[in-house]
Every structure is written in C-alpha cells, then in structure tokens.
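Me: I would like to learn how to read a model like this one. Take me through it feature by feature.

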Amino acid sequence: MTTTDYDPNVVLSTENDFKVVGTRPVRHDGVDKVTGRAIYGADYDASGLLHGKILRSPHAHAKIISIDTSKAEALDGVHAVVTAADFPEAADKIMELGEDETKLRDLRGNILARDKVLYVGHAIAGIAATNAHVAEEALSLIEVEFEVLPSVMTTDEAMADGAPILHEDQTTEELGDDSGVVSNVAKHFQHIKGDIAEGFKQADVIVEREYNTVTVHQGYIAPHNGTAFWSADGRLHIWCETQGSFVVRDSLADLLDMPVSMIRVTPTEIGGGFGGKIPIYVEPVAALLSKKTGTPVKIVMTRKETFEGSGPTPGSKIKIKVGATKEGKITAAHAWMAMEAGAYAGSPVGAAAQCVFAAYDLENGLIDGFDVVVNKPKTAAYRAPGSPNAAFGFEQALNELAEKLGMDPIDLRLKNVATEGTRRVDGPVFQRIGAKEVLESMREHAHYLSEKQEGSGRGVAIGFWFNIGFDSACNIALNKDGTVNLTEGSTDVGGSRTSIAMQAAEVLGISAEDVRPSVVDTDTIGFTAVTGGSRTTFATGWAAYEAAQDVKKQCITRAASIWDVDPDHLQMEDGIISSKTDSELKMTIKELAAQLSDTGGGITGRASVKPRGVGGSFCGNIVDLSIDQETGKITIDRFTAIQDAGKALHPSYVEGQMQGGSVQGIGWELNEEYFMSDEGKMNNTSLLDYRMPTALDLPMIDTVIVEVANPGHPFGVRGIGEANIVPPTPAIANAVYDSCGSRITQLPMSPGSILEALKS
Amino acid sequence: MSGIIVVTNNFVRDIKDNQGGSLLKWIDYQAPESVADAVKILADSDGKARPLAGGTDLIVQLRVKDPRVNAETVVDIKKIPELNQMDYDKSGGLTIGAAVPLHLIYNNPDVIKHFPAIIDSASLIGGTPIQGRATLGGNLCNGAPSGDSIPNLVAHKVIATVAGPNGIREIPVEDVCTGPRQTSIDSNELLVSLYFPNPGEGFGANYIRFIPRNEMDIAVAGAGVSVNISNGKFVDARVCLASVAPKPILVEGASKALVGQPVNDESIQNAAEAAREAASPISDMRGTAEYRKHLCEVLTRRALNTAIERAGGN
C-alpha cells in the first residue's frame, strides 16, 4: 500500500489540512526489528545471570498440604528456591491494572499459590540455577503433597447447586451489595433502561437463543519473560516484556511491600500482547529469587506455560432475547451473560455489558452479567475483552430477527443504530460516533453489492469497543539540528512510537523522521498507564501534542527574545517562526535550534495528561465463505473489514490493526480452543495443536477506513486496536447460516462440528 | 567420537563447573561412514542408541524428554553412502536411501517421471526448511500413526532393507510399524533403504490427508492409495490409512472391493466404505472417532479418484 491509494470513503474530520497526520512514514523501530537487532525480553543477558524455572500444579483444584524444597536446594547448580511464603504479608487492597482491577491477595495467590492450587499450571515455586537445564531438573525434586479436590470448568458447573467452591471466603456481590452467600459467582450486576417486559409486549417478532464460547488465548508470539536484579542497596530493577511498565512497577511495589521509588522497570521490545501482557506472572518470582541470590535472575515461560499459566480470554454462556415491531424497530433486548473469570474474580463480563448493545438505540434493555470463577487460568484482557463473546450472541440474533422480518440485516441495524446523544443501556451518552457511517459504508461496499459465488454464504455483523483514556506523559527535547528527541512510556505493541511521534511532528511542523521517539523506563518518564484499551495513540499521542505545544511556545518566546519583539506578535507554522506584523522576521525551527545554547540554553517540552474525550470505535465485517460438504471445513473466500478510525493517523497501521483483529477473530471462530481433559488439563499446549490461522488459511482482508472525527481529540483520533476483533465471530456464524441453514451457537466451528450441523 | 550435541535428556555424565556444580547433560554423537560401523555402534549400545537422519523428529523428542526415546547415543547416518543413494534400476524399480532428504526426492527426475505420487507425501511433510532435512526413512522409523509418507509407501508396495548384526533382511513396509512409535526394526538394526518396485502398467497413486488448517498440522486422517487399471478394470489396488489406528493400516477389504471390478463410482464407494469400516480411531483434540471414520471414507474416495486419473484410467 502506498499513500496514494488511501481513500477513506467517509471523511468528516479533516477540517484542518494536515501535513503529517494521515501519511504513512516508515516506522522508527522498523530497521531494528527486521534486522533482528531489537532487544526483546528473552534476549536480555547480564554477567552472572541465573536462570529461573517455575514448578506448576498438575491438578485443577487441590489443597497444598506441604511443600518440601530441600532436595531441590541441595542439587548442584541450584542457587535458590522460593515459594509463596517468601512474599511479605501485606494488607489486601484493590489494585488498578489498567484495563483490569484485581485484589492484591488474588494477584499474589496467582503468582505463587499459597494454600490451594486452582488450575493446572498454577505456579507453586520458583528455582534459580546456573542454567535452565539444571533449574528444570531441580523442579522434579520439589516434593508437594496435594489433597486433590473436585473441580469446576464451566460457568454451568461453577454456578450449579452444590458445586465445589474455589474460594471459601468469596461471597457473591449481588446488584452492588454483599449477599453473604458463599459461591463461585463473584458478582452479579444489571444494567436497566426502560422496561423490557413492556417492550417485548410491543414486539411482533421475538428471537431468543443461547450461545456458548470456549476459552481462547491471545497467542502472542513471545512467551512471558522477565529478568530481575535486586541490588545490595535494596533497589530492584526489572527488564521485561509488558504492556505497562508502570503496572509492573506498581504491582511489584504492592506485592513486595516496598516503595515504587525503589523499583525501576525497563520495558524491552514486546513480541505481542493483545491485553495478555498487562498482568504480571514471572517478574515477582524472579525478584524474590534475585533477592535471595544477589544476582540477576531471568525467567522465560515456555509455550506450554504461556497457555497454562498466563491469562486467556474466557469461555462464556450468552442468552439473548430481542424483539422488534414488524417495521424493524427493536422494542426490547435482554442479554444474560456469564463469563469464566478463571481462578480469581475478574472476567471481562463488565466490559461485555458496555459493548453488547452499544451499536443500537434501545428504548428498553436489560443486561445481566455474572462473573464466575472456575478452575482455569485467571483470564486476562484480550483485544476488546468480552465484546466478541457478547457479539457472537447478539449480532447473530439480529440476523435471525432480520430474516424473520424479511429485512436486509444491515437495514435492520441502521433502523436502530445509535448516534450522537444515544444513551446506552449501561448508562453513558454517546458523543459523535460512527456506527451509522460504518453500516452505510458496508451497505454501499462493492463486496456487499456483489453476487455471491455459487454455494457460498455471506454474513455481516458489527462490533464496538469503548476505548479508554488514562494517564500518559511525554517529554520532547529540541536538538541543535532542529530534530527532536521524544521520550514516552507506552510500550509499543502496534506502531505507537511512530503514531505518537507523528502528532508531535504535526504540531512542530517538522517531518515524522525528524522526531526520534524512545520508549523509556519508569525512572525516566512520568506515570503512563498501560498500552491497552486502544488508548495509546489517543492519550500518549495527546501528551505528545501537548509537549510539542510546549516546545512551540518556547520556540516563539526564544525567537521573540532574539528579535527583541513581543512574543504575541509571533507565530509558528510549518516549522517556521515568523512575525505577524514584520515579514522580515522569519526563522526556521532548525535555524533557531542551532542558536539555542547561545541564546539561553536548550528547550524541552513536557506534558502529563489524562484525557477524557475518548471516542469509541465501531467495526463491521462482510464475510463470504464456502463449506466442504463432505468434511465440514470452512474456507473464508472474501473478507471485508470497515472501521471508524476517527482520524487515521497512520493509515497503514490502522489497516494492519484491522487485518490483525480480523485474523484473530477468524481463528477464534474456526479452530482455536483450550481442549480440556476431564481432569481439567489443557491437551493442546503447542501452536501445532492450538490452531491459530496461518497465512494459508486466510484471504486478503480488505479494509475500509471510515473517518468520523472524535471531537474529544485534537486530531479526531479514536483508538482502533480492538473493535476489529468483535464482528468476525458473528459475521462468520451468520455466513455459515446463509450457506447451510444451520445456526451455530457453539464455538469453535471446527470441521467436525460443522459436519454435524450439515447433517442435521 | 567425532562430536557432541547437547540435549537435556537422561544424562550420560555430568560436566562440573568450578564450584563442582552440575552444568549440562550430554548425549554422545557418532557419525560412522559405513553400514557395518553403524550396526556395530547400535549393537554395542544396549538399546540406548538411536539413528539420526534428518533429526526433525528425534531431536525434538530428545529436547522434550519424550520417555519413549531413551537415547544416550545418537548415530548420525548421513555419512554412509548406501543411505544416500537414489538409484532407478533396469527393472524399473527405485531405491531411496534412508537418509535422503525430501527435497532431493521431490526434485529427482526419476521420481518425477516414474513415482510422482510419492511427491504427495514428500512435499507435504513439514515446510521447506524441514524438507531440506527430513527423510522418508525417518518418517517410517518414527512410527507415528500419523506419518504422512507411510500410507504412500505401503500403497507403492515398498520393501524396506534393514541391516543388523546378522546381516541384511527385507521387510514389506506394511510390516514395519507395529504400534504407536513402535516398529519391527530392532534397536540394533538400521534401515538402509526403501525399494520401490516397478509399479507395472496402468498405475496411479495418491496420498491426501485432512487437516483443519491448510498447513502446519497433523493429519486427522490420511489415505494413501494405488491402483493398476487395465481395460477399465482394477487389476490391483491398495488403500492404506493414517491417523485412525495405532499404526498405519492396509485395508484389505478395499483391495477386495476393487480388484476385478470395473472402474466406476460404485466400486470406488465400496472401497471407501471398506476403509471406513477398517478404521479404528480414537477421539482426541484432533477429531472424534466417528468424524475420523467418516473422513476415511471421504479421503479414500477422493484419493482413488485422483489415482485413477493419474493412471489414465476411466
């Protein structure tokens, strides 16, 4: 793709004529990454480095009766062994982890199990040894006595009467109040708008159905890793792949009961995250081992450990009831959603509730959400967490409704679409959003207007992610050649270094290449929240915008002092400082930069922001597929993704995010699943048997960027990283229905299950 | 000993660091240059030596400490001339040494001309880098029920030549695999080569497998078939299935359903149903037993149609 073929079909944002925003510069980290020079967490090395390994539970649910580490400690080459007993005791509290929050006690219990193991793969002890082979050998010498308990693997099992209880002290929070009832349901909440009973009375047509999804993993290519060095002066330094270096710092400070100022976290380059690298796993274990040994300790998970011991996204049960008049006006909708939190409370069902009906203006809506603990790994964020599960239900139900009404499924959606001023069932009132424009763009797309291939099925769906703001900081220093050094704290998972640099370049009137962006450690930049919630280009970009404004202001002030004029009479446009009144007075930023040292010293701009004007993003899919009638195998023949970017800062990155999210959604739909044994053990812990799609399984993902400017951002930016994973699951399910007449309500749609559906 | 590779498996000896700590676990590596030397090393190793051809299975098994691979010595067989031969002989038969990598097989003019169907398997196993190393001999001796070349070798009536302390013996390839990762080749024996006899007139063969993705997968089920067709009738036929039993299975009932019968949909369907009946798969993460049996029918039918087309029949 080149700059010339970028032609958004709906452009509402560009009142300003941008110079850098909307172009496609080469990414600043590109050369290092394609030549293999970029340093990732597992690449980290240091003199005297020890290698850590983690002993993990073979049982889905068991009491730990005793742990004897003496034989392991006695093995030649083993330097230290740690267990949960090595954590300092600290009072429990709620911890903000960016997109998630969790109890300190739960986080600590997940990192090293204390009294009970709650899933196969649950960490029990850590070992540091001369090399990874010795550490691995030593794991088998740790003797753990278990009392195995019955386990629960699904929301159905966990919510059943008399179900085995994971946490004896967990009582259900029922509609905001502690019910006092001990159960696996951590929380039941409701959002209510209008009166659904009344709404369903007005309905001419009602669709009611249940949908089930299973646990899937983000599948980032680099397993979790971390190196810790606890130095003699009590300072702890961590090098790791994380989506939030400050989350790692703050979590460690709470877990280890030490001030944040004693911890420095250096984020390395990151081999994918998709939300899964927000929580911490191995870093505290490495820290405890380093404290005992006085040397740096590195721990790198295997792929099996990553599947079993990090956070996937949950299996879920979704019940949808939706009714409409015969004209297609939705009169009421009810979503009942239960999601597996994994071993500790905190499933994405809350986020799912914010998304399930978001695209529609509903008079009467009810959302029931259940956060349910089960004997599986604690779930973590995964790209629009919860929203794809919810959409798999509601967006299928809408197509079923459209069929019953004899309406085009896009027309049904447009008839009910949410717009500026719509109040969501869960409360918030939308500012300017692009749901309508996305749907209109789908309806007019050549793909949707084309004839289907013979035998193929077509499906459509749309999805939503609300996006977040949160804290970001940025410093910009002007170099004497007129370039700038930009430092920020957002781990760059998806090209954010460049999209942030571009916003500074736009303000300063210089090229993107004249900005040198660096992602720096927690000692070097102000507090910056996680790279997550599609916030980074929006919020850290805003910090860069403000810091660049600061530089701009100082440039004008300096020029005024050089020329001895009133700064109010000066302006800076396109990198040139000039007088509004005297055309002789003119200087480029490069000319000014060369004189800085002689005219009062350097210029550094800075900003810390917490922007509020977050704009949610909608994404729609049109999918054509065909089914091998004899084997049930699905081939995706054509796939179009259409998303509102607000303003596409770097269109290639937007397209890349849309394609990436689409591919993950396709994988989720077709073959990905945690294939669990009866004992609660995952059987397919390799990328061979955990079947994410390969390049050979996918068509070209066509993208259309819609631009409905976000009024809450200086350049109209909306986060675009997540909404694109939401529509694939229902769109493909709708296409399967179109192809074979069967409603698939259980994921994944593996060939065997499709064949069953074809038979029935 | 000409070299050493490091693995993390059962150790032969410890290497101590300067604090007396145990460092690495070692496995002996030997690279004999004759069949006789290789057999001697194997015979002297008390069952704890494994031949190493491409190593694309063996090295992985050693790394993950597969308990079925109890090796203290690996014997690299790539330096033995007989194991690298590719000879098309006057009788119209082809000998492929046990250490010949797949890329040399599918690029060989005699293979392309006389045994093109073996390319179905040779080009299917692994990706291009794996095909630079992996061998048909290794795929056979690994003995996986899902081995993608084994049904094809069986369909081609391949004879395995095996050297041992008591000399050379020949085994029909369908008798090599005896169970999951178990073969009739003894731990003191070495597979030297595979002999593809002249397939005769009107011959066509095909191997296909079913995988949920289009690459990077293990067969849920696979079917290797061959036919000889004369005057519109099957004069010989073989169907061998992968991934649906503890070992690849030669379906006698399919041969019976075809031989002597006219080439038509009915005889093909009868053979496909015989394949379905012969399969005794397990249910696992790759597919249910019922689904795999169904696939045997579908794959056999599809492979037979391709083989017939290749035979120039119908």
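Me: Is strand β23 (residues 484–488) of chain A enclosed or open, and how many of its residues are buried?
Reply: Start with the terms. Helices (H or I, at least four residues) and strands (E, at least two) are DSSP runs, numbered from the N terminus. A residue is buried if 20 or more other C-beta atoms lie within 10 Å of its own, exposed if 12 or fewer, and partly exposed in between, with C-beta atoms placed from the backbone. Here, four of the five residues of β23(A) are buried, so the strand is largely enclosed by the rest of the structure.

Me: How far can I trust that, and how are things numbered?
Reply: This is a predicted model, in which local features need pLDDT of at least 70 and side-chain atom pairs count only at pLDDT 80 or more, while totals for chains, interfaces and linings use all residues. Residues are numbered from 1 along each chain as its sequence is written, and chains are lettered from A and ligands numbered from 1 in the order in which they are written.

Me: Which strands pair with β23(A)?
Reply: Two strands pair if DSSP finds at least two bridges between them. Strand β22 (residues 472–478) of chain A pairs with β23(A) in the antiparallel sense, over five bridges. There, A:L478 has A:V484 as its bridge partner. The hairpin has five residues between these strands, and A:G482 in it takes a positive phi near 90°. Strand β24 (residues 515–519) of chain A runs parallel to β23(A), joined by five bridges. A:T487 stands opposite A:S518 in β24(A).

Me: What should I expect of side chains along a strand?
Reply: In a regular strand they alternate between the two faces of the sheet.

Me: What is the strand order in the open sheet of three strands in chain A?
Reply: The order is β7-β3-β9 (chain A), with antiparallel pairing. The edge strands, each pairing on one side only, are β7 (116–117) and β9 (143–148) of chain A. Strand β3 (residues 62–68) of chain A meets β9(A) in six antiparallel bridges. One pair of bridge partners is A:D68 and A:E143.

Me: How many residues of helix α13 (residues 435–444) of chain A are buried?
Reply: Seven of the 10, so α13(A) is largely enclosed by the rest of the structure. Among them are A:K436, A:E437, A:V438 and A:L439.

Me: What are the domains of chain A?
Reply: Domain bounds come from an automatic or database domain assignment. It gives domain 1 (1–15 + 431–467 + 614–760) and domain 2 (469–609) of chain A. Their C-alpha centres are 37 Å apart. Two residues are in contact if their C-beta atoms, placed from the backbone, lie within 7 Å. By that test, 17 residues of domain 1 of chain A touch 15 residues of domain 2 of chain A.

Me: And what are the domains of chain B?
Reply: The assignment gives domain 1 (3–76), domain 2 (81–196) and domain 3 (203–310) of chain B. The C-alpha centres of domain 2 and domain 3 of chain B lie 20 Å apart. Their contact takes 18 residues from domain 2 of chain B and 22 residues from domain 3 of chain B.

Me: How many residues are in contact between chain A and chain B?
Reply: 25 residues of chain A are in contact with 21 residues of chain B. On the chain A side, α4 (132–139) and α20 (751–759) are the elements that give two or more residues. The predictor gives the complex an ipTM of 0.91 and a pTM of 0.94.

Me: Last, where is pLDDT under 50 in chain A?
Reply: pLDDT is the predictor's confidence in each residue, from 0 to 100. Chain A has a mean of 95, with 97% of its residues at 70 or more. Over residues 1–14 of chain A, pLDDT stays under 50. For chain B the mean is 91, and 91% of its residues reach 70 or more. Residues 1–23 of chain B are below 50. Where pLDDT is low, the predicted coordinates should not be read in detail.
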